Amino acid sequence: MWQWYGAVVLVLVLVTATARNQTVEQKIRDDPDLSEFYSLLENSAVANSTLQFRQVTLFAPTNLAFQKYTGSKEDLILYHMTNLAKPLDKLESKVLSELEGNPPIWVTRVKGHHRDDIYVNNARVLQDRSNYVQTNHHNKQQVLHVIDQVLVPMRSANEDTPQIYNPDAFQFLNQSENLDFEDHRVRSFRQRVNQNNKGNVFLAEGKHTFFIPVDEGFKPTPRPEKIDQKVIDGHVVPNHVLFTDATPKDHDYETLAFTDNMRVTISFTTQTDGKKTSYYVKSNTKVGDPNHTEGVVLAEIVKANIPVRNGVVHLIHRPLMVVDTTVKQFLESTRIFDQEDGPLYRFYNKIRDEGGDFMQEITKMKDVTLFAPSNMAWAAANIDKLYNREKLRDILNLHLVRERLSIETIVEQNMNQVPTAAERKKLYFNVINNGFNTTLTVEGGGVNATVLQPNIAATNGFVHIIDRVLGVPYTNVKEKLESDPMLNNTFHLGQQDNFNEELGDKTKRFTYFVPRDYAWKKAEIHFPSAHKKLFMKEYSYHVRQILERHLVVAERAFTMADLKQLANDTIVLPTVRDHLKLRIKESEKSYFVEWQGEWIHVFRPDVECTNGIIHVIDSVFLKESDVRVTSNPSVPLIAPHLTIVLSVAMLFSVKWLLL
């Protein structure tokens, strides 16, 4: 028995040792997830010779990577090999491949929480499966790295065209007809580069990123004339090789047009509709001049990540920096090449099909700002099943402002609200600062949306892409209180005694007059003692009573227009606590409610929720007498009329005992 165990252990040791001493070629052969790559390896005489006699680093795509790849596999294997053994820590920013002309493979390191991510071109290195270092039978060191995408070199179009090996960006531009990048053409941009004597920009040695617009993007006709030297410079990011997956999104990179007199940056962004993710580049002219308008120009990347000798090229659907379309024309252009893949195609389709004269109204406006929901926002809102055409038009109007508002204007002027094209409805802004990053949220019709892509410039205004459809509520009263940064204090107080939990009831309809944080600060000034007690846990009973005074539960929720119509002089509303007597007036397109002799401004009326309506008010329905306590504040005061009853009862009890 002991001999048998010893033999098993010996076999295991030998197998382990053999596995450890596998050559790189054997390692690939025995890995079932690299079978596609090994098949290419087997069929390449040059690759086999390299593996037998030379140092090499192999970047091996997984089988899944090959399943996603639809291009030619001819000579592909040689672009995944280098002639030196390079572990991950020895990889420089560029390594030369074994493909004819030795075109480079670009290496990018992205800072991570635990370790840096490493990319070769646009492929991520699967580090847990990489860094396999071994010598071959001729004692040549070799290294294997596994990657998640196939590396795609720049190739000549076919055998009948002049063969081009390892072109730089200038050769790419000038020899584009002889190169293989599908049906795209770049003649128009090439012509503008040559006419402006800017070929040196694309010839520059080093590592750069070039954005080249395709011919389809040079309409309308005046556009080509706007491609001057500064605009061409705005299509080049110097000293950075930026592949789409390897580059942080929404991170600004300075272009060649970033000078003393002009500030133009470029960043990547993505849009998804739940099925497909599209990649975009946006130029942001932060400081312009009379010929170069400030603002963002958004262009879809129609063919990404084309490696060249001095960096990487991305083909885009229109020129950057050029602001020559109205808001209407921008919306129409978001259907890229008549396909449903533009950043706002769902919004555009809805306007075109059911928006009535909404588009004509935008066309007439000299100054317009449009808060446009993304494709994902429209898909999530499920509007088709919920609203008729009249309501839909009201929703569209809620996204339209008759002013020219950039994000900088909203922030610098400290704007907190602005009227919309929807009757008596406003948008409310909130700025969130996180370090150097500023995020703008906008609320309309009870929906709080985040601005995903600000400041898309048009000749007559701006478009801001947002992540929700305004006016289509998706939260109940409780969830709205919890998520709204302006209602923190009311939500915090409602946490006491589980008051907030009742606001999530889907079977009830609430009308809730909610004091915003500003209102509680006012209360602290006027009723300092009462205010202090309310934020102590032992006074939760009094807090509940005060909040119940603000909450109406009925068969329906009431808008401010409903309440104004119902109130001849004073309206009596059945609150959870007792009855709320209010007078209501409208002045300068704002609502006011009178309570206990004080006219209170309704800061945000008609915040719609799935189970009711919130009216955000500027004062609390609070009296000093609301927080009177005995020595034990957690025990409620005995109501005065009950005290009288008890006193009479005690008097009769004493009299009966004396008898």
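This is a predicted model: local features need pLDDT of at least 70, side-chain atom pairs count only at pLDDT 80 or more; totals for chains, interfaces and linings use all residues.
Colleague: How many helices and strands does the protein have, and what share of its residues is buried?

Modeller: The protein has 22 helices and 29 strands. Buried residues account for 51% of its 659 residues. Among contacts between residues at least 6 apart in sequence, 63% join residues at least 24 apart.

Colleague: Why is lysine 198 called buried?

Modeller: The relative accessibility of lysine 198 is 11%, and buried means under 20%; lysine 198 therefore counts as buried. Lysine 198 sits in the loop between α7 (187-195) and α8 (199-203). Leaving aside neighbours within four places in sequence, lysine 198 is in contact with Val193, Gln229, Ile232 and Asp233.

Colleague: What makes alanine 530 a buried residue?

Modeller: Alanine 530 has a relative accessible area of 1%, and the cut-off for buried is under 20%, so alanine 530 is buried. Alanine 530 belongs to helix α19 (residues 528-534). Not counting residues up to four places away in sequence, alanine 530 touches Glu624 and Val627. From C-alpha to C-alpha, alanine 530 and leucine 622 are 9.1 Å apart in space, although 92 residues separate them in sequence.

Colleague: Which residues of α11 and α14 meet?

Modeller: Phe347, Lys350, Ile351, Asp353 and Glu354 in α11 meet Arg389, Leu392 and Leu396 in α14. By class, this contact has 4 nonpolar, no polar and 4 charged residues.

Colleague: Which residues of α14 are buried, and what covers them?

Modeller: In α14, Leu392, Arg393, Ile395, Leu396, Asn397 and Leu398 are buried. Their cover includes α11, α12 (358-364), α13 (375-381), β17 (400-401), β19 (426-434) and β20 (437-444).

Colleague: What makes the phi of asparagine 305 worth noting, and why does asparagine 305 count as buried?

Modeller: Asparagine 305 has a positive phi of about 60 degrees although it is not a glycine. Asparagine 305 is placed in strand β14 (residues 295-308). The relative accessibility of asparagine 305 is 17%, to be set against a limit of under 20%, and asparagine 305 therefore counts as buried.

Colleague: How do you know that methionine 321 is buried?

Modeller: The relative accessibility of methionine 321 is 2% and the limit is under 20%, so methionine 321 counts as buried. Methionine 321 is found in the loop between β15 (311-316) and α10 (327-333). Its phi, near 70 degrees, is a positive value in a residue other than glycine.

Colleague: Which members of the largest nonpolar core touch the most other members?

Modeller: They are Ile28, Leu58, Phe59, Ile77, Val120, Leu144 and Leu151, out of 38 residues in this core. Elements that give two or more residues to this core include α2 (24-29), β1 (56-61) and β8 (141-147). Another core, of 32 residues, lies apart from it, and Val327, Ala372, Ile395 and Val469 are among its members. In soluble globular proteins, nonpolar side chains tend to be buried together.

Methods:
Residues are numbered from 1 along each chain as its sequence is written. Side-chain values use heavy atoms; hydrogens and water are left out. A nonpolar core is a set of buried Ala, Val, Leu, Ile, Met, Phe, Trp, Tyr and Cys residues joined through side-chain atoms within 4.5 Å. Buried means under 20% relative accessible area, exposed over 50%, partly exposed in between (1.4 Å probe, protein chains only). Helices (H or I, at least four residues) and strands (E, at least two) are DSSP runs, numbered from the N terminus. Contact means heavy atoms within 4.5 Å. Ala, Val, Leu, Ile, Met, Phe, Trp, Tyr, Cys and Pro count as nonpolar, Asp, Glu, Lys and Arg as charged, and the others, Gly among them, as polar.
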